[in-house]
Amino acid sequence: MTGFIPFLILALVLFDRWRGSKGATSWSHQNIRRGFWVVLLRVTFVLPAWLALPDPVRPWLGVPTLLLLTPNLWLSHVCVRLGWVRMSYWGGRLGLPTGFDDPLRVVGCYYAARALLRRPDPAARTWIETELSRTKHLGGAGVVALGLCAWLRGDAPRGTQLLELADEMPRVFVGRHARRVARDLLVADAAARGDWEAVIERGTARWPLRWSYCVARAAQRITGAPGAPHRATLLALFVLAPRRWTTWPLIRRALSIDPTDAALPPTPPSPTLPVALGRLWSVSSSPVIDGIELRRAVVDVQATLERDEDSAVTLERFEAELVERICGLLETRPVRDIEHDPEGDGILDRALDQFSARRFAELEARAKDYADRTTPERSLDPATEWLAWAEFRRLGDELCQLDPSLDETLFDAIFIPVCNFAVQEQNDLKRRAFAWSVYAWLNRHATDPENQTLLTSNVRSTLR
Amino acid sequence: MNPTIGLAAWQRNPFFVLEMPISASRAELERAGQKLLALLELGTARVRTCQTPLGVIERDADLVRAALAALRDPETRAVAELWATVAPQDAPPAPAPWVDAKRVVGWRV
């Protein structure tokens, strides 16, 4: 056995050199090489060392040896499950778990943050955030850890945005393990809020994962969405997914629904002002605002006002307050399926104009901040940069969703400063994952072919 | 919900805060407001929250004073009357959330 090991090592080294010479770009050299060498270390040193122990001692060191051979397993299934924050942190730092593109300190923070979900503790959360701010580089696992800390801090929008960032990264930057954690949490959070559209969107995203995909398909049956699976299909997905025992109530609920029975709600008759206002309140109280229902409710209010109200001054002030309040609503709640008519003069269109103008100004100010920080010395620590970028992206996505006509204008206003900042982060500070995220987002909003070519090239450069 | 933005400001309509109908006279509104201020100063727990047609809100002396000041202006009162004539409707039917979802993925909230 031990005589075979040198040949094994030589074969593995030659294989690794051959892969490197081929310029493999689908996997990070650092990622695969670290995992490769760590596994090699375990197989060629740890295991033989344990086998070489005398017989009376060997059984006693069996468990510690097993822990050294399989750190990913015991970190996830023991330390995290039991909520051992410090143990998770040090196990992640010293146990060399594989599948991460992050420094070991960040890997420790990642496991510690996951353990913190089981046993929330503000002091431990602050400690993890401090550790994250001390590192020079954050990959996918680091962004997941930041997102978990944001959630535990009570900043759900920021936490959600960070986990979405991590979930969208390519496999070079985030391993399957961290991606699964991010996606499962996003799907669970959306399901707990009743945002089934988000569950479907996230669960059926690229690189499907068993549990989140199963829940998303169940959500399709529950909501009657197009493409809802047959009962047999859903059961098969359920059998293949983990957490079957605790997920069964949702599956049972989905199986009991026939998606073809979903009926359209009846069109309500012309309401009075109190009824129209009541409908507006109930629509605005949903966790996710239905844009179509919101427009219908606002139109009803406007129609009843014009019908019933005599005083032009009162009407004008009321409409101004309604516009202001709808603006505030748009800033605090996600809205789906809303159509903005830039030429329209209805109350909702005026509110959307006002919201768009404010949001655009805010994005321009943030882009100017990026333009002002053009030297590496003015760059902030990775954790703060990721938090700032997550907020920037959220603001931009919400604006473009509400008013797609602003896509091109927004891009023209922010492209140069934001792209230059990302280039600086990549070239000077080697923050490839961050740069990738910026280029990929800009590329989604670019319309000019020249810009698209440039950004695609930049994206590829981060993956080498 | 942030009480100063969005439709949350609707919950703090002066008539809701004073728990008075829109037909109340100016004198009745003033009396109701002064009574609430006195009770709040005494620290009566019952008046620290109030039930409105749009849910329960927290109430303090500043809110009551702001409500009284708003209703003293005729135009502001007219607008507040419009906002207060809301008849709560049932929410549009939507699939119920999965309340245990976070616990399933190991999130102890």
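Begin at the boundary of chain A and chain B, where the rule finds 3 salt bridges across the interface. A salt bridge here is a side-chain nitrogen of Lys or Arg within 4 Å of a carboxyl oxygen of Asp or Glu. Side chains of opposite charge can pair when their charged atoms come close. The model is predicted: local features need pLDDT of at least 70 and side-chain atom pairs count only at pLDDT 80 or more, while totals for chains, interfaces and linings use all residues; side-chain values use heavy atoms, leaving out hydrogens and water. Residues are numbered from 1 along each chain as its sequence is written, with chains lettered from A and ligands numbered from 1 in the order in which they are written.

**Stop 1: two pairs across the interface**

Select A:D189 and B:K102, whose side chains meet in a salt bridge at 3.4 Å, N to O. Next select A:R317 and B:E75, which form a salt bridge at 3.6 Å, N to O. This second pair crosses from helix 17 of chain A to helix 5 (residues 74–84) of chain B; helices (H or I, at least four residues) and strands (E, at least two) are DSSP runs, numbered from the N terminus. Are these two residues buried, partly exposed or exposed? A:R317 is partly exposed, with a relative accessible area of 29%, and B:E75 is also partly exposed, at 38%. Buried means under 20% relative accessible area, exposed over 50%, and partly exposed in between (1.4 Å probe, protein chains only).

**Stop 2: the whole interface**

Now select the residues of each chain in contact with the other (heavy atoms within 4.5 Å): 47 residues come from chain A and 34 residues from chain B. Together the chains bury about 3,700 Å², 71% of it on carbon and sulfur atoms. Buried area is the accessible area (1.4 Å probe) that two parts lose on being put together, summed over both.

**Stop 3**

Chain B has 6 helices and 2 strands, and along the sequence they follow the pattern α-α-α-β-β-α-α-α. The C-alpha trace spans about 55 × 35 × 20 Å along its principal axes. Of the 109 residues in chain B, 41% are buried. Among contacts in chain B with a separation of 6 or more, 62% join residues 24 or more positions apart.

**Stop 4: salt bridges inside chain A**

Return to chain A and select A:E319 and A:R350, which meet in a salt bridge at 2.9 Å, N to O. A:E319 lies in helix 17 and A:R350 in helix 18 (residues 347–372), so the pair ties together parts that are 31 residues apart in sequence. A:E319 is buried, with a relative accessible area of 11%, whereas A:R350 is partly exposed at 32%.

Move to A:R153 and A:E129, whose closest N and O atoms are 3.1 Å apart in a salt bridge. A:R153 belongs to helix 8 and A:E129 to helix 7 (residues 122–133), so this pair links parts 24 residues apart in sequence. Both residues belong to a network of salt bridges that also includes A:R125, A:D155 and A:R158. Over all chains, the structure has 41 salt bridges.

**Stop 5: helix 4 of chain A**

Finally, select residues 71–80 of chain A. Why is this helix 4 described as largely enclosed by the rest of the structure? The reason is that 7 of its 10 residues are buried. Among them are A:W74, A:L75 and A:C79.
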